[in-house]
Amino acid sequence: MSGGRRKEEPPQPLLANGALKVSVWSKVLRSDAAWEDKDEFLDVIYWFRQIIAVVLGVIWGVLPLRGFLGIAGFCLINAGVLYLYFSNYLQIDEEEYGGTWELTKEGFMTSFALFMVCVAGNFTAGHLDHLLHCHPL
Amino acid sequence: MSTMFADTLLIVFISVCTALLAEGITWVLVYRTDKYKRLKAEVEKQSKKLEKKKETITESAGRQQKKKIERQEEKLKNNNRDLSMVRMKSMFAIGFCFTALMGMFNSIFDGRVVAKLPFTPLSYIQGLSHRNLLGDDTTDCSFIFLYILCTMSIRQNIQKILGLAPSRAATKQAK
């Protein structure tokens with residue numbers, strides 16, 4: 001596989017401050033995509049974290065995964081998956097964005113809160129369903 | 001559908017509505033004004049310029065260059081302060097509305113377990129997560145805890161989707 005980047009695309013305008021155009025998502029899975037706009041890339045990281053939070057929140061709530069093991073698992077998977085994405089898959093220079101820690105912090109607390117909401121919601125739904133089945137009237 | 005799960009969904013819905021209400025109030029009082037638009041554009045332009053300048057400056061940069069950066073930082077700080085003053089109007093209005101709304105919701109959901117948590121919160125968080133609930137089951141979740149979690153997650157996402165979140169450069173320079 002060639003390590004070189006394709007010819008540069010004309011810059012795609014963002015919607016103001018955080019929302020992303022559809023064209024940005026087409027770059028997301030291309031390991032050779034050029035990210036001229038730093039904010040654009042950071043927004044992709046941000047939204048990826050929110051998606052991971054919702055997915056893990058639903059799975060953890062349905063399983064259910066109890067205790068702090070579930071929370072620790074979420075933190076590790078959230079940080080780990082994104083780290084592998086930007087470090088190994090995209091091979092971006094973390095220093096351009098303030099280092100690995102800045103990229104890890106991006107959207108983390110919001111995704112954590114979203115994860116907690118999803119896990120509580122799904123656990124509540126599953127918990128009551130379990131009670132209904134264990135105690136038939 | 002059980003009452004508890006219905007309460008959970010209702011609180012998520014309330015959180016979405018209050019986030020939209022807060023942004024709506026801010027839009028009416030602040031975002032659509034020319035002064036705010038002008039200040040915001042100025043702050044973002046200056047923040048990006050300053051960030052670029054700081055990246056290229058070296059240890060051996062002259063005193064004049066450093067003084068220039070200090071002057072730009074001062075100008076940016078003043079503009080950020082003016083921007084905060086403009087936003088103050090909406091903050092008061094939102095604070096007032098939300099105090100009334102929270103009082104109402106707290107009395108509606110008082111003593112009600114609105115969700116079950118799959119873990120026992122840390123002891124200093126239990127004061128919030130088990131607020132006004134009867135019994136010793138610390139996995140019971142109160143309205144206020146769930147509402148705070150919803151607000152933390154939903155509000156920022158709504159701001160980003162609507163394009164109302166402040167830029168990262170401006171946030172960084174304001175610190």
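The structure is a predicted model, in which local features need pLDDT of at least 70, side-chain atom pairs count only at pLDDT 80 or more, and totals for chains, interfaces and linings use all residues; side-chain values use heavy atoms, with hydrogens and water left out. Residues are numbered from 1 along each chain as its sequence is written, while chains are lettered from A and ligands numbered from 1 in the order in which they are written. Chain A is in contact with chain B through 30 residues, which meet 29 residues of chain B.

**Chain A as a whole**

- Chain A has five helices and zero strands, where helices (H or I, at least four residues) and strands (E, at least two) are DSSP runs numbered from the N terminus.
- Along the sequence, the pattern of chain A reads α-α-α-α-α.
- A contact is defined by heavy atoms within 4.5 Å. Of the contacts in chain A between residues at least 6 apart in sequence, 71% join residues at least 24 apart.

**The interface between chain A and chain B**

- The size of an interface is often given as the accessible area lost when the parts come together.
- For chain A and chain B, the buried area is about 2500 Å², and carbon and sulfur atoms give 66% of this area. Buried area here is the accessible area (1.4 Å probe) that two parts lose on being put together, summed over both.
- Five residue pairs across the interface of chain A and chain B are in polar contact, both residues being at pLDDT 80 or more. A polar contact is a pair of N or O atoms within 3.5 Å; within protein, one must be able to donate a hydrogen and the other to accept it, and residues adjacent in sequence count only if both atoms are side-chain atoms.
- On the side of chain A that touches chain B, the elements giving two or more residues are helix H2 (38–62), helix H3 (67–89) and helix H5 (108–134) of chain A.
- H5(A) gives the most to this side of chain A, with 13 residues.
- The residues on the side of chain A that touches chain B comprise 17 nonpolar, eight polar and five charged. In this division, Ala, Val, Leu, Ile, Met, Phe, Trp, Tyr, Cys and Pro count as nonpolar, Asp, Glu, Lys and Arg as charged, and the others, Gly among them, as polar.

**The salt bridge across the interface**

- The rule finds one salt bridge across the interface of chain A and chain B, a salt bridge being a side-chain nitrogen of Lys or Arg within 4 Å of a carboxyl oxygen of Asp or Glu.
- A:Asp43 and B:Lys160 form a salt bridge, with the closest N and O atoms 3.4 Å apart. The side chains of A:Asp43 and B:Lys160 are also joined by a polar contact of 3.4 Å.
- A:Asp43 belongs to helix H2 of chain A and counts as buried because its relative accessibility is 2%.

**Buried charged residues**

- B:Lys116 is placed in strand S1 (residues 115–116) of chain B, and its relative accessibility is 8%, so B:Lys116 counts as buried.
- The side chain of B:Lys116 makes polar contacts with the side chain of B:Asp137 at 2.6 Å and with the side chain of B:Thr139 at 3.1 Å.
- Leaving aside neighbours within four places in sequence, B:Lys116 is in contact with residues of chain A including A:Ala120, A:Phe123, A:Thr124 and A:His127.
- A:Glu40 lies in helix H2 of chain A and is buried, with 2% relative accessibility. The C-alpha atoms of A:Glu40 and A:Val24 are separated by 7.9 Å, and the two residues are 16 residues apart along the chain.

**Backbone features in loops**

- A:Leu63 and A:Pro64 are joined by a cis peptide bond, with omega about -15 degrees. A:Pro64 is in the loop between H2 and H3 of chain A.
- A:Gln91 has phi near 55 degrees, a positive value in a residue other than glycine. A:Gln91 is in the loop between H3 and helix H4 (100–105) of chain A and is exposed, at 61% relative accessibility.
- B:Asn132 has phi near 60 degrees, a positive value in a residue other than glycine. The loop between helix H4 (123–129) and strand S2 (140–141) of chain B holds B:Asn132, which is exposed with a relative accessible area of 54%.

Terms used. Buried means under 20% relative accessible area, exposed over 50%, partly exposed in between (1.4 Å probe, protein chains only).
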